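The sequence and structure come before the notes.

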Amino acid sequence: MDTTEPQQASGCEEWLMMRVGSMPRNSLGWFRCGIGFYNKKEYTKAIECFEKSVELDKMNYNAYQIMARACIAVNRKDEAINALKQSVALDNPSDWY
């Protein structure tokens, strides 16, 4: 007998299923969804997508960078700082010269 509870869909997952009928299958797909939500100023959904993106690709410094911007927009300062630190740690040092 399975005693685990069914997983709840997050806000971004629910929206994607209702509007698109599917969800991304890789880090790049989640990153692109995050950009879409970010551009629509739906920052909480954008953050969810960026979190899913970096779960699948821990080296995606762009996702961390834009996630930080979204966190700032919704006053989640500590999360923004952590995301920026991760982005800088992963980023190619030549980008900073």
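The notes below start with the basis of the model and then go through it by topic.

The model is predicted: local features need pLDDT of at least 70, side-chain atom pairs count only at pLDDT 80 or more, and totals for chains, interfaces and linings use all residues. Residues are numbered from 1 along each chain as its sequence is written, and side-chain values use heavy atoms, with hydrogens and water left out.

**Helix α4**

- Helix α4 covers residues 61-73; helices are DSSP runs (H or I, at least four residues) numbered from the N terminus.
- The 13 residues of α4 should span 18 Å at 1.5 Å a residue, and the end C-alpha atoms are 19 Å apart, which agrees; the expected span is 1.5 Å times one less than the number of residues.
- A63, Y64, I66, M67, A68, A70 and C71 of α4 are buried, where buried means under 20% relative accessible area, exposed over 50% and partly exposed in between (1.4 Å probe, protein chains only).
- These buried residues pack against α2, α3 (43-56) and α5.

**Packing of α4 with α5**

- The axes of α4 and α5 (residues 77-90) come within 8 Å and cross at roughly 160°; axes are lines fitted to C-alpha atoms, for helices over the stretch in contact, and angles run from 0 to 180 degrees between N-to-C directions.
- The two helices are therefore roughly antiparallel to each other, a term for angles over 145 degrees.
- The crossing of α4 past α5 is left-handed, meaning that the near helix is turned anticlockwise from the far one by less than a right angle.
- On the α4 side, Y61, Y64, Q65, A68, C71 and I72 meet E79, A80, A83, L84, Q86, S87 and L90 of α5; contact means heavy atoms within 4.5 Å.
- The residues of this contact divide into 9 nonpolar, 3 polar and 1 charged, with Ala, Val, Leu, Ile, Met, Phe, Trp, Tyr, Cys and Pro counted as nonpolar, Asp, Glu, Lys and Arg as charged, and the others, Gly among them, as polar.

**S27 in α2**

- S27 belongs to helix α2 (residues 27-39) and is buried, with a relative accessible area of 10%.
- Neighbours within four places in sequence aside, S27 is in contact with S53, L56, D57 and N60.

**Loop residues with positive phi**

- K41 lies in the loop between α2 and α3, and its phi is near 65°, a positive value in a residue other than glycine.
- K41 counts as exposed at 61% relative accessibility.
- N75 follows α4 and lies in the loop between α4 and α5.
- Phi of N75 is positive, near 60°, and N75 counts as exposed at 55% relative accessibility.

Terms used
Parallel < 35°, antiparallel > 145°, perpendicular 65-115°, else oblique.
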